[in-house]
Amino acid sequence: MENLTNCYEALQPAVCHACLFAKGAAPGRRFGGELFPLGRPAAQRSGSGGLDAQDPAPQPLTPGSGEVWLLTRSAPGHWTDGRPAAAATAAMPVGGLLPLFSSPAGGGLGGGLGGGLGGGGSRKGSGPSAFRLTEKFVLLLVFSAFITLCFGAIFFLPDSSKLLSGVLFHSSPALQPAADHKPGPGARAEDSKEGLPRLREEGAPGNPAAALEDNLARIRENHERALREAKETLQKLPEEIQRDILLEKEKVAQDQLRDKDPFRGLPEVDFVPPIGVENREPADEAIREKRAKIVEMMKHAWNNYKRYAWGLNELKPISKEGHSSSLFGNIKGATIVDALDTLFIMGMKNEFQEAKSWIEKNLDFNVNAEISVFEVNIRFVGGLLSAYYLSGEEIFRKKAVELGVKLLPAFHTPSGIPWALLNMKSGIGRNWPWASGGSSILAEFGTLHLEFMHLSHLSGNPIFAEKVMNIRRVLNKLEKPEGLYPNYLNPSSGQWGQHHVSVGGLGDSFYEYLLKAWLMSDKRDLEAKKMYFDAIQAIETHLIRKSSGGLTYIAEWKGGLLEHKMGHLTCFAGGMFALGADGAPEALAQHYLELGAEIARTCHESYNRTFMKLGPEAFRFDGGVEAIATRQNEKYYILRPEVIETYMYMWRLTHDPKYRKWAWEAVEALENHCRVKGGYSGLRDVYFIYETYDDVQQSFFLAETLKYLYLIFSDDDLLPLEHWIFNTEAHLLPILREDKKEVEVK
Ligand code: DMJ
């Protein structure tokens, strides 16, 4: 006490700031939040809820310890008398702040205190009215800074911690895919089987400078987004924020309730036999033979799967055993479901029946494991729907709807944009750990529309359609950079993640589904049509380029910079442009058909410039090359269909014989290099003179690659395009006509 009094009386104001903090500096004491009200002795203070008589005499502090100010506000703990620090903080006289801000002009420290506090004799008497205007202003500033800080902490911390871990530990997924990394649509399981996720070039191992650059860019973006979000929230009144939170909670709870019983028994339907499934032999003998050859290939793939991997997801044709991909969790039988409609249209009736009875007895969705919502939708829901529309067998409708219901919890996010991954038993979802800022992926949540519209149609329950229409609503509310759709969208904030745009992996089938949603609605869904044509216009302006050798290609867009690389996946776009040409504004119809033809030519070149005559996973147009893979981890071919898919559409829409010729070249290459005794295998390097097998027979080889080949060598009245839509896994969905439906739901 003595020290303090002496200090107060004898020292200059600056030094007495130090005295002010003497108690905080006393050894063994916590500084509980109250500043010494200068201008009166400690003894006086003991009666005013400040220090009591037992408090040890405060020690003088060295000058210049002004930073203690913040500590006094936040130091946890108790006073020695047992009062919680919080209570003490609450009791802190606001006037305790004054000495710091008293101006010499107003009597300096002594004057300020003597008049305002000490003169009053008691701290209790010093209310805010006793403050000067400047003091009030400063106080206001301090409090608003404090409140901003609190809000900042709420909205900022989760992101910041991610950022920090990215910077400090370099554990960003771009650099090191997590052990449980699961690839998205562009980088499927097969892509990562060598630990080389296809989509993460920007953080390629072995290039720390690029990786660091990448990390910094991501940090900047995340930081700006977090600031934006925090600002938006701060603009709201606290009551508004509270109301929003309550509404959000209520919405999630309602969703959960509704989804529990979205489907009480299927409505009765009149199944109308499908159009265009009669399988006439082509008149031309050479074509007939080619088509027969493709059926033989299907038999080889199917029989080996049956022999070595029956009931499992896929076949390892070299090891001759089952292959299981984490994309399907514990669901089994991916090849069986994916192959159903191909078996049907190729007239493989017995095999179709075998598949059907396996499904009846074994296909089970009550699995306690995480699945990819996208993959399960396009392969399983799509495969089952297609089998139903072709055969009219109730089991397929029942299983499709049952699975659709199981997928609904994936939509339980604040924005309704679904999670990428879902545990079908617990209904808990999450996103790929590598996706930008916890985002969902455009090509994943954007590739549910066709199947979900049909699920509503066949179940009589609108819930499936509502879920996908809400996705569209969210997308339409967002501003698109240069009219483009970034690949990442955060399901919590409903805002874009990184501004990466691709018509290949991560983006591809989103665009495909916009076009097909319009076509499948019998051209009534004009919103989808507009979204599609707007999107491809932006793509053409910003992503499509011509090489100096005259090849048209679709590059990737990363925050405004172009990467002159095209993926095998992107080759589907040739067919898409051609398919949509008909609905384009008149002046553009021919243009889009030609664009389709140019993409087909480029993709054919990517095949033609390899040793195996099968295309690499990605090819480049930079560093003096055109349509050639330059990186070792882009040289593989995994039996993908996209190039052949484009040939199929181009053949149907133009009847230019070169597409049949190119398709046949692919058949020969598959037979020469991918066919092995135990089935068909992908290749690790299409430029190498010897086959190095990846030992996986992908289920989409049976669902897509062989189906598209078969159609190229069939007449156009088998599955006419005016009547059927192919989902992104080549499963068949009929156009939903207003007047005459394939299935009349009662
Ligand atoms: C298939 O699963 C689908 O075509 C999907 O849309 C992307 N590509 C794979 C096959 O390459």
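Student: How do you know what span helix 12 (residues 285-309) should have, and how far apart are its end C-alpha atoms?

Tutor: The expected span of a helix is 1.5 Å times one less than its number of residues. Helix 12 has 25 residues, so it should span 36 Å, and its end C-alpha atoms are 35 Å apart, which agrees. Helices are DSSP runs of H or I with at least four residues, strands are runs of E with at least two, and both are numbered from the N terminus. The model is predicted: local features need pLDDT of at least 70, side-chain atom pairs count only at pLDDT 80 or more, and totals for chains, interfaces and linings use all residues. Residues are numbered from 1 along each chain as its sequence is written, and side-chain values use heavy atoms, leaving out hydrogens and water.

Student: What is found at the start of helix 12, and what is found just after helix 12?

Tutor: At the start, a side-chain oxygen of Asp-284 comes within 2.8 Å of the backbone nitrogen of Ala-286. Just after the helix, Gly-311 has a positive phi of about 85°.

Student: Which residues of helix 12 are called buried?

Tutor: Buried means under 20% relative accessible area, exposed means over 50%, and partly exposed is in between (1.4 Å probe, protein chains only). The buried residues of helix 12 include Ile-287, Arg-291, Ile-294, Met-298, Trp-302 and Tyr-305. An α-helix has 3.6 residues a turn, so residues three or four places apart point the same way.

Student: How do you know what length to expect for helix 23 (residues 586-608)?

Tutor: Apply the same rule: its 23 residues at 1.5 Å a residue should span 33 Å, and the end C-alpha atoms are 34 Å apart, which agrees. Among the buried residues of helix 23 are Tyr-592, Leu-595, Gly-596, Ile-599 and Cys-603. Tyr-592 also belongs to an aromatic cluster with Trp-518, Tyr-532, Phe-533 and Phe-577.

Student: What makes two rings an aromatic pair, and how is the pair of Tyr-485 and Trp-496 classed?

Tutor: Rings of Phe, Tyr and Trp (its six-membered ring) pair if their centres lie within 6.5 Å; planes under 30 degrees apart count as stacked, over 60 as edge-to-face, and the rest as tilted. By this rule there are 29 aromatic pairs. For Tyr-485 and Trp-496 the centres are 6.3 Å apart and the planes are at 90°, giving an edge-to-face pair. Tyr-485 is in the loop between helix 19 (463-477) and strand 8 (488-489), while Trp-496 is in the loop between strand 8 and strand 9 (500-501), 11 residues apart. Both Tyr-485 and Trp-496 are buried.

Student: Why is Lys-290 said to lie over the face of Trp-664?

Tutor: A charge sits over a ring if NZ of Lys or CZ of Arg is within 6 Å of the ring centre and within 35 degrees of the ring normal. Lys-290 is at 5.2 Å from the ring centre of Trp-664. Lys-349 lies over the face of Phe-344 at 6.0 Å.

Student: Why is Glu-671 called buried?

Tutor: Its relative accessible area is 18%, so Glu-671 counts as buried under the 20% limit. Glu-671 lies in helix 25 (residues 658-674). Its C-alpha atom is separated by 8.5 Å from that of Met-297, 374 residues apart along the chain.

Student: What makes the link between Glu-671 and Tyr-680 a polar contact?

Tutor: A polar contact is a pair of N or O atoms within 3.5 Å; within protein, one must be able to donate a hydrogen and the other to accept it, and residues adjacent in sequence count only if both atoms are side-chain atoms. The side chains of Glu-671 and Tyr-680 make one at 2.6 Å.

Student: Which residues does UniProt list for "active site"?

Tutor: The unreviewed UniProt entry lists Glu-375, Asp-508, Glu-617 and Glu-642. UniProt positions are given in the numbering used here, feature names are shortened, and annotations may be inferred rather than shown by experiment. Glu-375 lies in helix 15 (residues 373-391) and counts as buried at 1% relative accessibility. Glu-642 lies in helix 24 (residues 642-654) and is buried at 8%.

Student: Where is Thr-728 found, and what does Thr-728 touch?

Tutor: UniProt, in an unreviewed entry, places a "binding site" at Thr-728. Thr-728 is in the loop between strand 18 (724-726) and strand 19 (732-734), and its relative accessible area of 14% makes it buried. Contact means heavy atoms within 4.5 Å. Not counting residues up to four places away in sequence, Thr-728 touches Ile-378, Thr-447, Ser-509, Glu-512, Tyr-513 and Glu-704. With Glu-512 there is also a polar contact between side chains, at 2.9 Å.
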